[in-house]
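Here's a quick briefing to read alongside the model. Have the viewer open as you go.

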Amino acid sequence: MKKLLQLGFGLMIVALVTAFVPATPFSSMADETASGQEASEVRNDWIDENLGPGVARWVDGNGNISEQPGKHTEEEAGTQESQSSAEGQDLNAGSAAEGQQEAVSQESQEQAAAGRRIDPKRPMVALTFDDGPFAPVGNQIMDCLAQYGGKATFFVVGSRVSSYGAELQRMVAEGHEIGNHTFEHKNLTKLSGSQIQSQINQCNDAVQAACGVRPSLVRPPGGAKNSTVLANVQAPVIMWSIDTRDWKTRNAGKTVNAVMSQVRDGDIVLMHELYSQTGAAALEMIPRLTEAGYQLVTVSEMAALRGGAAPGGVYFHFNP
């Protein structure tokens with residue numbers, strides 16, 4: 001009888017403990033499995049890139065997929081920027097590349113202190129990057145430009161600016177140009193005059209709040225423009241003479257070839273800051289253009305030496 005009482009008491013304790021242990025939800029386990037399968041072969045890169053600029057989603061080093069297309073979450077951005085630093089692509093790199101990157105930063109400061117010198121008699125090219133800011137690629141491009149004394153123009157989307165304020169501040173500090181690519185990357189030809197002005201002004205306000213400068217140039221998303229657009233952007237409209245189609249090919253070699261096979265004095269080159277392959281292309285393209293005798297300048301620098309750019313005007317190049 002005593003043993004039966006002990007056994008019964010023991011079963012009551014087990015039942016009570018089990019009642020207070022939460023079960024793992026099956027939906028959570030299923031979600032984690034599905035997420036792992038979707039990114040099982042992708043790390044630190046984009047997926048859904050074939051859908052076009054601003055649609056792709058980022059997969060970080062742990063296989064986590066960003067919820068917002070075309071943009072890191074704060075945690076993912078920190079992870080990727082840390083990895084870019086370790087590879088020597090960010091000026092805030094780890095100890096392995098710290099000495100080299102400090103030298104690049106010092107060189108940039110010395111150039112800025114000495115003043116920008118552009119020879120109007122020598123050929124020049126304006127490299128432009130749309131759809132950013134995106135620090136892992138933008139910092140890589142700026143690192144390389146710093147080594148070769150070049151500058152570029154970054155046409156940024158206003159809604160992305162608040163997430164990458166430090167990158168925009170670096171652009172300004174190192175003499176690069178920030179252009180307006182609207183606030184929400186909308187097709188301006190489908191908007192009214194007041195809506196067009198709102199897209200331009202909101203982007204300008206976001207950039208100014210982040211880095212203290214206000215863009216003076218506009219590039220409509222997709223290059224879409226009509227008379228209503230030109231009447232309401234109230235700034236020079238900058239198109240391009242070389243379209244690398246980097247957003248479609250996702251191939252660094254093809255991007256480089258698209259430029260080097262046809263580049264000439266006064267060209268404006270279209271690329272996109274969102275893609276790692278474009279960053280890789282820039283690392284090859286920048287030294288090759290420099291060695292070929294081209295000065296890498298901002299759009300405004302080239303325009304100032306080639307007749308200027310007026311509000312409402314449309315510019316594809318600034319050939320001599």
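Which backbone nitrogen lies 3.1 Å from a polar atom of the side chain of His176? That would be the one of Ala152. Keep in mind that this is a predicted model, where local features need pLDDT of at least 70, side-chain atom pairs count only at pLDDT 80 or more, and totals for chains, interfaces and linings use all residues. Residues are numbered from 1 along each chain as its sequence is written, and side-chain values use heavy atoms, with hydrogens and water left out.

**Confidence**
- The protein chain has a mean pLDDT (the predictor's confidence in each residue, from 0 to 100) of 78, and 65% of its residues reach 70 or more.

**Helix α7**
- Helix α7 spans residues 165–173, and its buried residues (under 20% relative accessible area, 1.4 Å probe, protein chains only) are Gly165, Glu167, Leu168, Arg170 and Met171.
- Among the elements covering them are α5 (135–148), β4 (153–156) and α8 (193–211).
- Just after α7, Gly175 takes a positive phi of about 85°.

**His176**
- You'll find His176 in the loop between α7 and β5.
- His176 counts as buried because its relative accessibility is 8%.
- Leaving out residues up to four places away in sequence, His176 touches Met142, Leu145, Gly150, Lys151, Ala152, Phe154, Met171 and Thr298.

Technical notes. Buried means under 20% relative accessible area, exposed over 50%, partly exposed in between (1.4 Å probe, protein chains only). Helices (H or I, at least four residues) and strands (E, at least two) are DSSP runs, numbered from the N terminus. Contact means heavy atoms within 4.5 Å. A polar contact is a pair of N or O atoms within 3.5 Å; within protein, one must be able to donate a hydrogen and the other to accept it, and residues adjacent in sequence count only if both atoms are side-chain atoms.
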